[in-house]
Amino acid sequence: MRDYQAALERLRKDAAEAALIRDLATVPAKQEMFDRLALHLTNLADQVELAMIEASNKTAKRA
């Protein structure tokens, strides 16, 4: 579970950095690319978090 938590934190950090770069970019194509990257990384982080919750719920039901 620690691996998932570390991956989740890294994805959230990377998404925030991509959003920051998007906000600082002056070229519209770069803004769009980093916006897509930030959204994609956020989506991945959400999926990892959901998997963690589901795994935790399955473990709790077995106990």
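Predicted model: local features only at pLDDT ≥ 70, side-chain atom pairs only at ≥ 80, totals over all residues.
Let's begin with helix α1, which covers residues 2-24. How far apart should its ends be? At 1.5 Å a residue, the 23 residues of α1 should span 33 Å, and the C-alpha atoms at its ends do sit 33 Å apart, so the two values agree. Next comes helix α2, made of residues 28-62. With its 35 residues, α2 reaches 51 Å from first C-alpha to last, close to the expected 51 Å.

Now, how do the two go together? Two packed helices are described by the angle between their axes and the distance between those axes. Here α1 and α2 pack at an angle of about 160 degrees, and their axes are 8 Å apart. Angles over 145 degrees count as roughly antiparallel, and α1 and α2 are therefore roughly antiparallel to each other. As for the handedness, α1 passes α2 in a left-handed crossing. If you sort the residues in the contact of α1 with α2 by class, you get 15 nonpolar, three polar and six charged ones.

Which residues are buried on each side? On α1 they are L8, L11, A15, A18 and A19, and these pack against α2. On α2 the buried residues are F34, A38, L41, A45, V48 and M52, and they in turn pack against α1.

Let's zoom in on A18, a residue of helix α1. Its relative accessibility is 3%, so A18 counts as buried, the cut-off being under 20%. What does A18 touch? Leaving out residues up to four places away in sequence, A18 touches F34, L37 and A38. For a sense of distance, take A18 and R62: they are 44 residues apart in sequence, and their C-alpha atoms are 39 Å apart in space.

Over on helix α2 you'll find T42. Is T42 buried or partly exposed? With a relative accessible area of 30%, T42 is partly exposed, a label for values between the 20% and 50% limits. Apart from its neighbours within four places in sequence, T42 is in contact with R12 and A15. A15 is one of the buried residues of α1. T42 and Y4 are 38 residues apart in sequence, yet 15 Å apart in space, going C-alpha to C-alpha.

Our last stop is A25, which is found in the loop between α1 and α2. Its relative accessibility comes to 14%, so A25 counts as buried too. Which residues does A25 touch? Setting aside residues up to four places away in sequence, A25 touches K30 and Q31. Finally, A25 and D3 are 22 residues apart in sequence, with 33 Å between their C-alpha atoms.

Definitions and conventions: Residues numbered from 1 in each chain as written. Heavy atoms only, no water. Axes fitted to C-alpha atoms, helices over the stretch in contact; angles between N-to-C directions. Helix = DSSP H or I, 4+ residues; strand = E, 2+ residues; numbered from the N terminus. Parallel < 35°, antiparallel > 145°, perpendicular 65-115°, else oblique. Left-handed = near helix turned anticlockwise from the far one by under 90°. Nonpolar A, V, L, I, M, F, W, Y, C, P; charged D, E, K, R; others polar. Expected span 1.5 Å × (residues − 1). Buried < 20%, exposed > 50% of the residue type's maximum accessible area, 1.4 Å probe, protein only. Contact = heavy atoms within 4.5 Å.
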